[in-house]
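Hi,

Here is the structure I promised to pass on. Have a look at it first, and then read my notes below.

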Amino acid sequence: MRDDIFTKRRNDNLGFFALLIVLTIGSIIITKYDVMKGFSSISKALIWGGSNFYPDAESLRILPQILPKLQETVLMSIAATTVAAVFALFLSLAGSRTTRINRIFSVISRGIASLFRNIPLVAWAMVLMLAFSQSPLTGYFALFFASLGFLTRAFMETIDEVGNNSIEALQATGAGYFHIIFQAVLPASMPQMISWLLYMIETNIRDATLVGVLTGTGIGFSFDLYYKRFDYHAASLVVIFIVITVMLIEFVSNNIRRVIL
Amino acid sequence: MLFEESIKGWAQLGDSVKDNISVKSINPPLNKASFAMRAILLTLLALTIYFFFSLDYQGINVLQGFADTFDNFKTIFLHPHAHRFTLGEAFVNVVVTLGLAFLATLIGGIIALFLGLLAAQNLAPKHVTNFIKGFVAFIRAVPTILWVLIFAVAAGLGSAAAIIGLSFHSISYLTKAFSESFEDLDRSVIEALMASGANWWQIIFQAVIPSSVSYLLSWTFLRFEINFANAVAMGAAAGAGGIGFDLFMAGNFYFDLREVGVITYLIIAIAIVLEVASMNIKQKLQKST
């Protein structure tokens, strides 16, 4: 018996690794990925970065241009996340198994969440740009719709996790739907929801850079501009500011999480 | 600048909240956690309102913009049609994007496995874990698109830069996830093995990895899902090829919304398949352990 278990385990492992190797080779062929070039580019990029990709005294002159862009990007991410969270809260209450009013609402809100989450950010950005052109609104709505999809799923899972016990207890006392929502569901799931909200803000600041590169807005556009002009000193300064911002926000949210969770 | 504002706002908002609460005796006593939650929500609300007031609307009619966007999405979803490529070609490009995501996940996963071991507090000395955690936090703070563009200078635009750039974020994400699953392992198991004379590698391969393998796999697959979406974006923004590049050309170059529709449908279909697969893998692995 013991031998069987070990042979079976070994065969399972062998099968798994064989599958991995086949997939790896297939992927290398179809993406035309040059493995050696890929790894040698890391060291090349490090050497190049060390000799070119650092801010110099002259690049500091762009500070007055990039700081407002950075502020706009951060505010945009926060605003998109906050407004999306409000809508996501309603959608998730309608969609969660424990709090839904009826099946149809649940299916509709789950469908909206899944659709919005899976439409690629690139598609959102491009379609919105046709209507809103190169304004911060394009980036704002692209982030808003993508966040709405993600937060609805996250909130729905949070509400499901809170569990039926407290809801059933309140139902037994004859509490109405809104009492149950406000007295049991929301207080119990609020810390986790806020944690998701903070996570989404961090993610959105990084995604805002991508949307910025694509649509020509915010801090992403500043980077793209200097990058394409081969002004790497200025581009590196933009990267440093993004890194500082994201790390600061991560630091603040980690501290908040420690208090509320 | 912004943070000073938010901290200041936080303090002010916090005071007003406190006054409100003390009047109502029905509410639960105000502890630190619920105070922090109210404060953070009000701060976010204030910043959101400030954003909408400070925004440069450039004379754009928001309602009109929404109506246009709705019309565009109607074209995308109701009249998809491709004439610059066949469905077969589009499908091949989807597979290319999947390949980019797979390679990035594989490279990221292998490196993250080692970094995760070094970042787990029960397996490595404290200064090593702190160093690794700081390192991956830095990697995570740089957006993926910037990593790809930075590597593109050295490797040229193409799949190599995209895969290396994508795997950087995968390393950071998976190192964090892996080290947290390793830390869940009961300390007594490690101590028992240490007492029996097992060395570090034996502890890793006989206890740590077997006990967390199901978590490692489900995290890795989740990252594959994320990498697929990222690979689409890198195809569009960094010329990495695949379906993302087609999407970019159709949307930003030809302004052909019907073609965008075909591509969007394909991407959504793959994303939903991956999502369902990811959930199934999670359930199956949780059952088997």
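How many of the residues of α6(A) are buried? The helix is mostly covered, with 24 of its 27 residues buried. A residue is buried if 20 or more other C-beta atoms lie within 10 Å of its own, exposed if 12 or fewer, and partly exposed in between, with C-beta atoms placed from the backbone. Helices here are DSSP runs (H or I, at least four residues), strands are E runs of at least two, and both are numbered from the N terminus.

Some ground rules before the rest. This is a predicted model, in which local features need pLDDT of at least 70 and side-chain atom pairs count only at pLDDT 80 or more, while totals for chains, interfaces and linings use all residues. Residues are numbered from 1 along each chain as its sequence is written, and chains are lettered from A and ligands numbered from 1 in the order in which they are written.

Chain A

The domain assignment of chain A gives domain 1 (2-52) and domain 2 (58-260); such bounds come from an automatic or database domain assignment. The C-alpha centres of these domains of chain A are 33 Å apart.

Back to α6(A): from first C-alpha to last, this helix reaches 37 Å, close to the 39 Å expected at 1.5 Å a residue. The expected span is 1.5 Å times one less than the number of residues. Helix α5 of chain A (residues 121-132) has 12 residues and reaches 16 Å, close to its expected 16 Å. α5(A) is mostly covered too, as 11 of its 12 residues are buried. Among them are A:Leu121, A:Trp124, A:Met126, A:Leu128 and A:Phe132.

A:Ser133 is not a glycine, yet its phi is positive, at about 50°. This serine counts as partly exposed because it has 15 C-beta neighbours inside 10 Å.

There is also a helix pair to look at in chain A. The axes of α3 (residues 63-95) and α10 (residues 232-260) of chain A come within 11 Å and cross at roughly 35°. Axes are lines fitted to C-alpha atoms, for helices over the stretch in contact, and angles run from 0 to 180 degrees between N-to-C directions. A:Ile66, A:Leu70 and A:Val74 of α3(A) make the contact with A:Val238, A:Phe241 and A:Thr245 of α10(A). Contact means that the C-beta atoms of two residues, placed from the backbone, lie within 7 Å. By class, this contact has 5 nonpolar, 1 polar and no charged residues. Ala, Val, Leu, Ile, Met, Phe, Trp, Tyr, Cys and Pro count as nonpolar, Asp, Glu, Lys and Arg as charged, and the others, Gly among them, as polar.

Chain B

Chain B has 11 helices and 0 strands. Of its 289 residues, 40% are buried. Among contacts in chain B with a separation of 6 or more, 72% join residues 24 or more positions apart.

In chain B, α8 (residues 187-195) and α9 (residues 200-237) pack at about 140°, with axes 10 Å apart. Their crossing is right-handed. B:Val189, B:Ile190, B:Leu193 and B:Met194 of α8(B) meet B:Ile203, B:Gln206 and B:Ala207 of α9(B), a contact with 6 nonpolar, 1 polar and no charged residues.

B:His169 is found in α7 (residues 159-183) of chain B. This histidine is buried, because 24 other C-beta atoms lie within 10 Å. Leaving out residues up to four places away in sequence, B:His169 touches B:Ile139, B:Arg140, B:Thr144 and B:Trp147.

B:Phe255, in the loop between α10 (243-253) and α11 (257-288) of chain B, has a positive phi near 50°. With 11 C-beta neighbours inside 10 Å, B:Phe255 counts as exposed.

Between the chains

Finally, the interface: 66 residues of chain B are in contact with 62 residues of chain A. Helix α2 (residues 32-54) of chain B gives the most to the chain B side, with 12 residues. That side has 52 nonpolar, 11 polar and 3 charged residues.

Best wishes

Technical notes
A crossing is left-handed if the near helix is turned anticlockwise from the far one by less than a right angle, and right-handed if clockwise.
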